[in-house]
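Colleague: I am new to this model. Please take me through one part of it in detail, then show me how it sits with the rest.

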Amino acid sequence: MLSCVLAVCSLGVSCDKPVLGCDYRLTVMWQERKSVTEPIPLQTAKVYAFFVSPDEWEVTSIENARAGIATAVGDPSRTRSYDMTAEAGGESQNVFEMQFSTTPVMILVADTQYPMWATGNANIVAGLANMYVTIEFMPLSWKEGADEPTVKAPWKFYGYGNVHIPIRTQLDITPAVFPEGSYTSELMTTARCYAYYGFSKANDGRVTSWEQAASGMAERKADDSDDYVEEPFDVEASMTDERITMELTDSDVMLVLYDEIGENKIYAYGYLDLTDNPVNAEQTLSVDLNRTGDSWTSGIWNIVVERPDVPEPEPEPDPEPEE
């Protein structure tokens, strides 16, 4: 590159402006789950380039971001469209390649699935033939009430507060029981389990009897009221490889598990917070029928055992009076 510039100067061509030529490769990643530390490819992105300064132009909405429209800083009446766009490539369709021969350049990355976008300075300089840049969208790291944009120079990230990623968590539950007179646990192979979305400790989600649990109904306080409403389950689990399994798709979940061991009717309910969108979650439930009392808590579970009624012994008759 240097030898080329010198040759041009020797011919009397002005060298006041440096010669630019840069192959720019942008890889777009994102954070889908807090429990997965490694970013994954964002396969739903669009990338635009504007031959303007990022200090003078901005993108003010997800609609404009997806359409490739920028607005003059401080003057919303002035807008302009993009100068260049790039097609997605690479094995995961998240790599974008562009060639620049001018500066400054503002890059816009807009997601077509979630309402988030980012703008950044390409930082094109003379003599730099190749640039390899990776950006990562991290909507789960955004805290409620935090200022936007989230700045990680030279990038500004927008829209995190409106990103609501669907939960997809595989839950496995291992339920066991210590039968009466035994100190060896056994798997509750006939147990059944339901999940209720939107039920939580905050709205006093609960079941109040074995019959209610077995019917697939649960109750919680109605919004802005102390009255309870009864609702059916959202997901029913299945028994697989000696475990209860189900896929959950909500962040606030109440689980209800029930079984009948001999004459004892067992039910338990507990709450899960899946805000972090884990790939897998595991729970165990252990019910000891040898313990005293009919209700207790263990881990996330509120456990109740409805024991059979033991008839009271009939009073002995009064002795016959002696003659």
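Colleague: How many of the six residues of β17 are buried, and why is β17 described as enclosed or open?

Modeller: Five of the six residues of β17 are buried, so the strand is largely enclosed by the rest of the structure. Buried means under 20% relative accessible area, exposed over 50%, and partly exposed in between, with a 1.4 Å probe and protein chains only. Strands are DSSP runs of E with at least two residues, helices are runs of H or I with at least four, and both are numbered from the N terminus.

Some ground rules come next. This is a predicted model, so local features need pLDDT of at least 70 and side-chain atom pairs count only at pLDDT 80 or more, while totals for chains, interfaces and linings use all residues. Residues are numbered from 1 along each chain as its sequence is written, and side-chain values use heavy atoms, with hydrogens and water left out.

Now the partners of β17. Two strands pair if DSSP finds at least two bridges between them. Six bridges join β17 to strand β23 (residues 252-261), and the two run antiparallel. Strand β20 (residues 235-236) also pairs with β17 in the antiparallel sense, over two bridges. Look at alanine 195. It stands opposite leucine 255 in β23. Alanine 195 also stands opposite valine 235 in β20.

Go on past the strand. Between β17 (192-197) and α3 (210-214) runs a loop, and serine 200 lies in it. Serine 200 is buried, with a relative accessible area of 15%. Leave aside its neighbours within four places in sequence: serine 200 is then in contact (heavy atoms within 4.5 Å) with Gly205 and Tyr271. Leucine 272 is 72 residues from serine 200 in sequence, yet their C-alpha atoms are 8.0 Å apart in space.

Aromatic rings come next. Rings of Phe, Tyr and Trp (its six-membered ring) pair if their centres lie within 6.5 Å; planes under 30 degrees apart count as stacked, over 60 as edge-to-face and the rest as tilted. One aromatic cluster is formed by Tyr194, Trp210, Phe233 and Tyr258. Charges also sit over rings here. The rule asks for NZ of Lys or CZ of Arg within 6 Å of the ring centre and within 35 degrees of the ring normal. Arginine 220 has its charged end over the ring of phenylalanine 199, 5.5 Å from the centre. Arginine 206 lies over the face of tyrosine 228, at 3.8 Å from the ring centre.

By the pairing rule, the count comes to twelve aromatic pairs. In one of them, the rings of tyrosine 24 and phenylalanine 100 have centres 5.6 Å apart and planes at 55°, so the pair is tilted. This pair links distant parts of the chain: tyrosine 24 is in strand β1 (residues 22-30), phenylalanine 100 is in strand β9 (residues 95-100), and they are 76 residues apart. Both tyrosine 24 and phenylalanine 100 are buried. Tryptophan 117 and tyrosine 158 have ring centres 5.2 Å apart and planes at 5°, so that pair is stacked. Here tryptophan 117 belongs to strand β11 (residues 117-121) and tyrosine 158 to strand β14 (residues 155-158), 41 residues apart. Tryptophan 117 is buried at 8% relative accessibility. Tyrosine 158 is buried too, at 13%.

Strands β11 and β14 take us to a sheet. It is open, has six strands in the order β7-β3-β10-β11-β14-β13, and its pairing is antiparallel. At its edges are β7 (84-86) and β13 (150-152), each pairing on one side only. Three bridges join β13 and β14 in the antiparallel sense. There, lysine 152 has tryptophan 155 of β14 as its bridge partner.

Another open sheet has three strands in the order β4-β5-β6, with antiparallel pairing. β4 (57-58) and β6 stand at the edges with a single partner strand each, so one side of each is left without a neighbour in the sheet. Four bridges join β5 and β6. The loop between β5 (69-72) and β6 (75-81) holds glycine 74. Glycine 74 counts as exposed, at 74% relative accessibility.

Last, the whole chain. It has three helices and 27 strands. Of its 323 residues, 40% count as buried.
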